[in-house]
Amino acid sequence: MTKIGLSSDLFDTKGRPVFDPAAFDLFTEAGLSRTVLPPDGGTIDPASVAGYDALFIGGSRLTEASLASDSGVLRVVARNGVGFDAVDVQALTRRGILLTNTPLAVRHSVATIAVAFILALSLRIPLKSRLAREGRWAERGDFPGVGLPGRTLGIVGLGGIGRELVRLAQPFGMRVIGADPFVTRDQLSDTSVELLPLEEVLAQSDFVVIACLLDKTTRHLIDAPRIALMKPTAFIINVARGPIIDEAALIDALRAGALAGAGLDVFEQEPPDRNNPLFSLENVIATPHSLCWTDTFLAGVARSAIKSIVDAAEGRLPEHIVNRAAIDHPRVKQWLASAPAGG
């Protein structure tokens, strides 16, 4: 039976999977055994790689050093999610190990939390909740919200999540603009979004949503000069990865009143320091990189990731391969060629 290793961060503090355990039926039906790896402190240990045919990982880092004990049988590393910035993709590709993610399963849920942040910030929900609970009823007229019809929503990154956000935003009567160097106007012809340069998106938007992948080109993409382009009445929302925004610059802008507020599900350092200044700012809504973790989201992501492992174990190429260059590696060609007929 093919040996599958599951990173410990796929389980909650009580040792239960964070998703519906029924997803494991896919392993059982395929005759695959699984083992939960020891806690890794955030980085996959080399001992956890040796001898495994597949790894099913959450947010744990997988580095060149993690692969030091690779025995040559590891076929696939399946990310339980869409982002892969914590994985050394080139190290996997050099060894002929496939990396998969779950781009379809995350789209609606992550776009939904962007909408949730837009609504919560525009309606000033955290502040107004405090007014009711703290006996400050008389102050309710002091803090009007921001109506959405006619306002401009800017989306940085028009991949699957960004385009789903375009669809979800339609009923609110907002003008929607976006920036993405990898998307053409023709590719957006079936949407209502206007494609503009990043600087124009920042300057014109009342709400900016970060929805792009993190890589070397997008790290601190939203830096101090670009934050300075935004309206002082604008809100910024990050549902992608923390380091895309220069956090120190964001804190300075929020403190100075150069931005109206922020909704953040991600941070430059995760977990963030408890004394992070963002947590003391009343115009910031902060959540622990899990706001989209609903039962349906978690089940869909897990089943998609597990299906990638089952496909590889049975000699098929998985659907969502990040490092497609690895397909031509002799290691991959060997296990594809050795698959049983009909596998």
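Predicted model: local features only at pLDDT ≥ 70, side-chain atom pairs only at ≥ 80, totals over all residues.
Strand 3 (residues 54-57) is covered on both faces, with Ala54 and Phe56 on one side and Leu55 and Ile57 on the other, all of them buried. Buried here means under 20% relative accessible area, with exposed set at over 50% and partly exposed in between (1.4 Å probe, protein chains only). Strands (E, at least two residues) and helices (H or I, at least four) are DSSP runs, numbered from the N terminus. Residues are numbered from 1 along each chain as its sequence is written, and side-chain values use heavy atoms, with hydrogens and water left out.

Strand 3 has parallel partners in strand 1, over 3 bridges, and in strand 4 (residues 76-79), over 4 bridges. Two strands count as paired if DSSP finds at least two bridges between them.

Strand 6 (residues 152-156) is largely enclosed by the rest of the structure, because 5 of its 5 residues are buried. Thr152, Gly154 and Val156 point one way from this strand, while Leu153 and Ile155 point the other way. Strand 6 runs parallel to strand 7 (residues 175-179), with 5 bridges between them, and Leu153 is found opposite Val176. Elsewhere in the sheet, strand 9 (residues 207-210) and strand 10 (residues 235-238) are joined in parallel by 4 bridges, with Val208 and Ile236 as bridge partners.

The loop between strand 7 and strand 8 holds Val183, which counts as buried because its relative accessibility is 10%. Val183 is 26 residues from Gly157 in sequence, and the C-alpha to C-alpha distance is 8.8 Å.

As for the surface, Asp20, Asp25, Glu29 and Asp295 gather in a patch of negative charge. Patch members have over 30% relative accessible area and no salt bridge, with like charges joined within 9 Å. Asp20 belongs to the loop between strand 1 (3-6) and helix 1 (25-29), and is partly exposed at 44% relative accessible area.

Definitions and conventions: Patch = residues over 30% accessible without salt bridge, like charges linked within 9 Å, V, L, I, M, F, W, Y side chains within 5 Å. Areas by Shrake-Rupley, 256 points an atom, 1.4 Å probe, with all protein chains shown as cover. Salt bridge = Lys/Arg side-chain N within 4 Å of Asp/Glu carboxyl O. Lys, Arg positive; Asp, Glu negative; His and termini not counted. Charge placed at Lys NZ, Arg CZ, Asp CG, Glu CD.
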